[in-house]
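Open the model in your viewer and have residue selection ready. The tour goes stop by stop.

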Amino acid sequence: MRAEQEAIERLRPLRDLPDGIVEHRQGPFGQIIVAKQGDELFLVFCPDGVPLSNDALSGVMSRIDLGNPLVLTGAYTQAMLLCLAIHRSPKQAYVMGGGGGRVPMVLEALIEDLTVQSSEIDRDVIDLSRKYFGLRDGSRHQITCVDGKTHLTGQPDGCFDHIYLDCFAADGFVPEGLTTTDFFRMCAQKLRAGGVICMNTVDRDPSFAAQKERFATVFPNAWQVELDGTYVLFGRSAGASQAIDPVEAANAVQAELPLGFDLSDYARRMTLLASVG
């Protein structure tokens, strides 16, 4: 694939970096670390004042295999691509939360006629993502340094086929303002008929149960995939023409696109949160 070879060549010099912490910044929302192990780079957020020990670096927010930059290696990011099984052939997608830009970068490469918007509130994260993770603006991907909720609110209703919510604060939890019923309703308004939204969250968050309840209340059909305490929630907007078999749909996506991992494995883990109608 031409895009894959171009990405490999562009990132090749990073493979010569020494293992360990490559760069550390003190941003307005906490510490940001880029670390390397072998051919993998990791983007890590830590609260202010936390010593940079191995324990502190366990909360990886993004990762890239420099030898296979267009293959997602993080389990939850792989699971998020089940959006492609729930709503095939998207034309417009929005990703809230830069975090290395892995999902936008891969989506842009996989789907030739897809346009992706993404937003990231922290300019340091965007800078590090461009420097180490291959993120770049192009004719089909525009990234904006802005509060994601504000950005999405300003978009026309019914403009996106896919919405990906991948936002975490330095404490490892989803910001409270991105888990309210009103926020999920606003997201639903931005989806086209039959469009899909996914959200990454964790069960150690004190508001985890309430998050799922609000999410399932807003979306007519909702599913979850559990990954060792990390959950990806999926919601399908009203107006879908037919029901789906997630495993069958995931197999069809794999036959069409070079994902580099088994999407149907995540589809088999899907459980229904809510079904209306």
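Helix axes here are lines fitted to C-alpha atoms over the stretch in contact, and angles are taken between N-to-C directions. The model is a predicted one.

**Stop 1: two helices**

Select residues 181–190, which are helix 7, and residues 208–218, which are helix 8. Their axes come within 9 Å and cross at roughly 35 degrees. The crossing of helix 7 and helix 8 is right-handed. Now show side chains at the contact: helix 7 contributes Thr 181, Phe 184, Arg 185 and Ala 188, while helix 8 contributes Gln 211, Arg 214, Phe 215 and Val 218. By type, the residues of this contact are four nonpolar, two polar and two charged.

**Stop 2: the two sides of helix 8**

Stay on helix 8 and colour Phe 208, Gln 211, Lys 212, Phe 215, Ala 216 and Val 218, which are buried. These residues lie on the same side of helix 8, because they cover an arc of only 160 degrees around the axis. Then colour Ala 209, Glu 213 and Thr 217 on the other side of helix 8; they are exposed.

**Stop 3: aromatic rings**

How many aromatic pairs does a search of the whole structure find? The search finds six. For one of them, select Phe 183 and Phe 184: the ring centres are 5.9 Å apart and the planes stand at 55 degrees, so the pair is tilted. Phe 183 has 2% relative accessibility and therefore counts as buried. Phe 184 is buried as well, at a relative accessible area of 0%.

Next, go to Phe 261 and Tyr 266, an edge-to-face aromatic pair with 6.3 Å from centre to centre and 75 degrees between the planes. Both Phe 261 and Tyr 266 are buried.

**Stop 4: two loop residues with positive phi**

Most residues other than glycine have a negative phi. Select Ser 89, in the loop between helix 3 (83–86) and strand 5 (92–96). Its phi is positive, near 55 degrees. Is Ser 89 buried, partly exposed or exposed? With a relative accessible area of 47%, Ser 89 is partly exposed.

Finish at Asp 228, in the loop between strand 10 (221–227) and strand 11 (230–236). Asp 228 is not a glycine, yet has a positive phi of about 55 degrees. Its relative accessible area is 80%, so Asp 228 is exposed.

Key
Residues numbered from 1 in each chain as written. Predicted model: local features only at pLDDT ≥ 70, side-chain atom pairs only at ≥ 80, totals over all residues. Heavy atoms only, no water. Axes fitted to C-alpha atoms, helices over the stretch in contact; angles between N-to-C directions. Helix = DSSP H or I, 4+ residues; strand = E, 2+ residues; numbered from the N terminus. Left-handed = near helix turned anticlockwise from the far one by under 90°. Contact = heavy atoms within 4.5 Å. Nonpolar A, V, L, I, M, F, W, Y, C, P; charged D, E, K, R; others polar. Phe/Tyr/Trp six-rings, centres within 6.5 Å; stacked < 30°, edge-to-face > 60°. Buried < 20%, exposed > 50% of the residue type's maximum accessible area, 1.4 Å probe, protein only. Arc of directions from axis to C-beta.
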